[in-house]
Amino acid sequence: MITKNYLIFGGTSGIGLFLVKELLKSKNNLTLVVRNIDKAKLLFNDEVKLIEVDLENSSILLETLNKININSKFDGLIYTAGIEGTFPLKSASHEKLIKYYNINTISFHLALSFFSKKKISNDSSSIVVISSIMSTIGASGKSVYSASKSSINGLVRSAALELSSRKIRVNAISPGLTLTEMGNALLDRMSNNDQDKLLKEYPLGFGKSEYVSDLILFLLSEKSIWITGQNLIIDGGYTIK
């Protein structure tokens, strides 16, 4: 079995945590960029290499990444970090905009910049970022979240073209409501009646972390060798109605 080296943003909760556990089963070498290094140590012991960065402060990200002692080039970049929220346009303050864009968009852009260097990544690598169905359909109260995720999709298309000369694939995944900590927090803010109404809009029900993780694993594998620049929607049929 060939082990690979992956750089992962997030990985201590939700989809990212499930993915890390799956990659560790195959003895892959993982470097995780996390906000809470103590939590990560409890989860993984010495199984992964940890880098502590609060992505809300994106200005220090590249400086921190450039200090990584790289023994072997990376074969993949997976960006699962993100922040979700619902609030009206009148509450979209400058502070909130900076926070959401720093975490959802700017930090991923900087991660791409770092990973794109030949001394950092191998040719034929794969890059996967978690976007959202809100990046394409929008919803009331989701202006900041939707906009920060929409910009990811444009970035993916341009990066895919730029990195194609090295056969590096770049793709986004847009999940529907997934029963992670983030997804459950969203449901908790809703009444039981509203939860039931939302569930009926998902023909195949709400998602689970493993559904999205399996798609990420596919995109990391050579089976996806001809897929790049795409935003793959995985939402149990929510957006086809």
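Are helices α1 and α8 parallel, perpendicular or oblique to each other? The model examined here is predicted, with local features needing pLDDT of at least 70 and side-chain atom pairs counted only at pLDDT 80 or more, while totals for chains, interfaces and linings use all residues. Residues are numbered from 1 along each chain as its sequence is written, and side-chain values use heavy atoms, with hydrogens and water left out.

Helix α1 spans residues 14-25 and helix α8 residues 209-220; helices are DSSP runs (H or I, at least four residues) numbered from the N terminus. The two pack at an angle of about 55 degrees, with axes 9 Å apart. Axes are lines fitted to C-alpha atoms over the stretch in contact, and angles run from 0 to 180 degrees between N-to-C directions. Helices α1 and α8 are therefore oblique to each other, given that angles under 35 degrees count as roughly parallel, over 145 as roughly antiparallel, 65 to 115 as roughly perpendicular and the rest as oblique. Their crossing is right-handed (the near helix is turned clockwise from the far one by less than a right angle). Residues of α1 in contact (heavy atoms within 4.5 Å) include Phe-18 and Leu-23, and those of α8 include Ile-216 and Leu-217. By class, this contact has eight nonpolar, three polar and two charged residues (Ala, Val, Leu, Ile, Met, Phe, Trp, Tyr, Cys and Pro are nonpolar, Asp, Glu, Lys and Arg charged, and the others, Gly among them, polar).

Helices α1 and α8 each also supply at least two residues to the lining of the second largest pocket, and the largest share, three residues, comes from α1. The lining has six nonpolar, three polar and four charged residues. Among the 13 lining residues, Tyr-6, Leu-23, Ser-26, Asn-28 and Leu-217 are the closest to the pocket centre.

Helix α4 (residues 94-115) and helix α5 (residues 143-163) have axes that come within 9 Å and cross at roughly 15 degrees. Helices α4 and α5 are therefore roughly parallel to each other, and their crossing is right-handed. Their contact has 12 nonpolar, five polar and two charged residues.

Key
On a 1 Å grid over the protein atoms alone, a cavity is a set of points where a 1.4 Å probe fits but cannot get out, and a pocket is an open set with protein on both sides within 12 Å along at least five of seven lines; lining residues have an atom within 4 Å of a point.
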